[in-house]
Amino acid sequence: QEVTIRLATVNSPTSESFLKAEEAAARVTERTEGRVQFQMFPSAQLGSTTDSIEQASQGQPVMTFTSASFLAGFGVPELAIVEGPFIVENTDEAERLAFSEIMNGFYDQLAETAGIRAVALNWFDGPRHMIGTAGYTDPVSLEGVRMRVPPVETWIKTFEPLGVIPTTVEAAEVYSALSQGVVAAAESPLTGLRASGWQEVVKHITLTGHFNLFTGWVMSEATYQALSDEDRAILMEEFRTGGQELTALSADLENEIRTEFEAQGVTFHEADVEAYREKTASFYTSFPAWPDGLYDQIRAAATGE
Amino acid sequence: MIRRLLELVGSVLPVFLIAFLVLVVAADVFARNILRVPFYAAHDLAILAFSASVWLGLIGAALYGQLFGIGFFVELLPERLRRVVVVLSHIIVIIIAVAVIQAAIAQITTARFTTFLALGWPKWIVAAILAVGMGGIIIVQLVAIVEIFRGEGADA
Amino acid sequence: MILAAIAFVVLIVLRVPIGFVMLGSSMAYFSVNPMMASIVAQRMGSSMESFPLLAIPLFVVAGCAMARGGIAEKLYSFAESLVGHWKGGLAQIAVLNSVFMGAMSGSANADAAIDARTIVPVMRRRGYSNAYGSVISAASSLIAPIMPPSIALIVYGLLTDTSIGRLFMGGVVPAIIIAIALMLTVRWTAVRRNYAPSREERASMGEIARSGWIASWALAMPVMLLLGLRVGWFTPTELGAVAALYAFLVGVFIYRGISWRDTYDLLRESAHTTASVMFIVAAAAVFSLILSLEQIPQMLIGALLAISENKYVVLLVINLLLLVLGTVFEGLALVVILGPLLIQVANALGIDPVHLGVVLVFNTAIGSLTPPVGTVMFTVCSITRCSIEDFTKEFLPYLAVLIGVLLLLTFVPPLVTFLPDLMF
Ligand code: NA
Ligand code: NA
């Protein structure tokens, strides 16, 4: 059974996640002796992330780059919890959680309700930090700060308790918005910052590491089921490996980027993570759709205890 | 009667939608700078009003002859043939509009999960309004064809 | 692919509206290469979700409110008192105001919408032809996507990891060159057409002061908007809404020129203009999917690298190719699809990414003025009711000049890169 999968992402063809995906795809094609081939569609050529998830959900042979909380909207609200503030300590915990039994249960549920198969949600591109006109070591200093926050539930429920004035700014306008002061702060992983160049206009980065997004690849369940057991295993394995490689690469890049930014006059601030954790704890009690005890189950799965 | 209905859907509604769009964007600026509170839904409301005003306003634009075409080649034709071509082009638009309606219905029935993030409303609303807009376009084309056969086809 | 091309040509010849031409030929393509049944509706719907596109209706409304509320009239009377004794003075103003508008809005569509609604009616009254005014509004709007802040340059920067600060600096000199080139062309065409100066001699200081005083509420508008933008009250997109509201309120309460009936009419006009332009943008989103699905961009890159190792030869080929693609594809869509791939060619040949970015954005911006498909052309023509044929005839000398500037920027990279190299 031969298949050509359309691999879609809104990221650019020079982004690390896309380059790693190209490598993973090539390994799959090689190991399946050409039974599984790929066509590449970077830069949103097949449409937005939502568009390509819908295409996959309709049974089109599409594989796309997305994240767990985004998928929560497709009938599995529990998935949003893994993108809560400070839920994992480090990427080892994140990796363990991504392939845990409880998460696998959610993935199966996703396949059933929405026709989407999670291939590997372990493509961690580094923790997200805050960037702005000042350092925000203590969450108190965020009070009244206009911050760029996407109008997404997980962001809103994290940043409202921090006392910021959340402001919606489209990705393409953030650079101007920061330089003119429409917003004073934004948040992003360091690798993302290097691409978007926000550090050119605001010079303080606070290493909060508030989110660790469970980004990665999902595909059409129908296409997935049409593969042989052997090919499925190869596909899952290689994209998991790709994720691990990206995670390692992002960690390596962080130091490099930090040096590079410091040379550009950026000041790095450590964050009082405990204070941040405390102030955002209400996040975990604010989703009525979650069953009781979900937080403890997730923590147990992450720590492997 | 038909014209008044088309005017209502293709002009009056879009007028309110456009006014709403301006006010909602301005209100967001006001909320952020003066009241210092977030207005999450502003973005979604603006996009929704924008799409709706486009799909419906298209009916009005068609009614007032504001849809762009390249008339250069048609104008080279003799009068009788030109009429045939004009009717043909109206029929082609109807066919394409029907196909868009089919696609919109497919979108409404299959895209069950995507929502406007801040509003929580399903996105198929946009597809539904698109279908209405295309329905209006079909009626405008039919009216135009009827007028041509009545010998009122001044636009040919 | 071939079927889609044939459908495109046949439908164009039959005078099917452009939006439907693109939808029809896309459907012809999908009938041979099936996608999901809802693909057309999905693409059309999500193409509306881009926030920068909201600038179009907002600035269209702002332009209508300025025109009907009296602000435009007073602004241009004042400007006329300054340069009315020049040949083609009003047309020169139309170019100059785009330098200032460009420094605020960053979108050619937004600038063209304002110009077409405000200055073209005044030009018509002073004896300029409708097509001439339309072309000036459209051509001068090309300054906006090059002058910082520019939406297209930001999009390019995000997709190619190029410093946006450097890109912005790279746009400054080219924007000024474009403005000067256009002003010279305006002078030349105005002389040839014998467009007399609107007044015999230079206005006296007293006259200038008087018309300036009358226009004070109007003159305050750009000042306040620029101020609001610089201190961060609103983004360039939001500026459209603030401008619309300001022009409307001044029209109602200060100049008392707008009645309920006028309000309805200006909004209806705005709605129809927005709809006819945005429908084409939505159809273009479906149409450009064909490029992607056929993997044209990837093939293109391989072909380009095979042509020559001389970067100027390759740049020339890229420019010609983009000008051709620009006639039928939407400018920003080309930047998004081709930008990240062309940057690979640039890296391989040692072309500065800032240089490529400015050239790419300017080139695709020219495409938004060329028939058969060009959103800026449609925005202007929809507002001024100018036919595409008349517009095209009048546009030819400007097209020649714009391509000349494009080639100049292509072959003399320091014009683009000098300033960013100096500042960074
Ligand atoms: Na202008
Ligand atoms: Na064009």
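Predicted model: local features only at pLDDT ≥ 70, side-chain atom pairs only at ≥ 80, totals over all residues.
Reader: OK. For contacts in chain C between residues at least 6 apart in sequence, what share joins residues at least 24 apart?

Author: That share is 80% in chain C.

Reader: And what's chain C built from, in helices and strands?

Author: Chain C has 21 helices and 0 strands.

Reader: How does its radius of gyration sit against a compact globule?

Author: It agrees: a compact globule of 424 residues would come out near 22 Å, and chain C has 22 Å. Along the principal axes, the C-alpha atoms of chain C fill a box of roughly 65 × 50 × 45 Å.

Reader: How much of chain C is buried?

Author: Of its 424 residues, 67% count as buried. The accessible surface of chain C is about 14300 Å², with 69% of that belonging to carbon and sulfur atoms.

Reader: What follows helix 19?

Author: Arg385(C) does, and its phi is positive, near 60°.

Reader: What's the radius of gyration of chain B next to a compact globule?

Author: Chain B has 20 Å, whereas a compact globule of 156 residues would have one near 15 Å. The C-alpha trace of chain B spans about 65 × 35 × 30 Å along its principal axes. In chain B, 54% of the residues count as buried.

Reader: How much area do chain B and chain A bury between them?

Author: About 1600 Å², 57% of it on carbon and sulfur atoms. On the chain B side, Arg32(B), Tyr40(B) and Phe113(B) supply 42% of the area that chain B buries against chain A, more than any other three residues.

Reader: And how many residues does each chain put into that contact?

Author: Chain B gives 15 residues and chain A gives 20 residues.

Reader: Last one: how are the charges placed in chain B?

Author: Chain B has 10 positive and 8 negative charges, and their mean positions are 7 Å apart.

Definitions and conventions: Residues numbered from 1 in each chain as written. Chains lettered and ligands numbered in written order. Heavy atoms only, no water. Helix = DSSP H or I, 4+ residues; strand = E, 2+ residues; numbered from the N terminus. Rg over C-alpha atoms; globule rule 2.2 N^0.38 Å. Buried < 20%, exposed > 50% of the residue type's maximum accessible area, 1.4 Å probe, protein only. Contact = heavy atoms within 4.5 Å. Areas by Shrake-Rupley, 256 points an atom, 1.4 Å probe, with all protein chains shown as cover. Buried area = accessible area lost by both parts, 1.4 Å probe. Lys, Arg positive; Asp, Glu negative; His and termini not counted. Charge placed at Lys NZ, Arg CZ, Asp CG, Glu CD.
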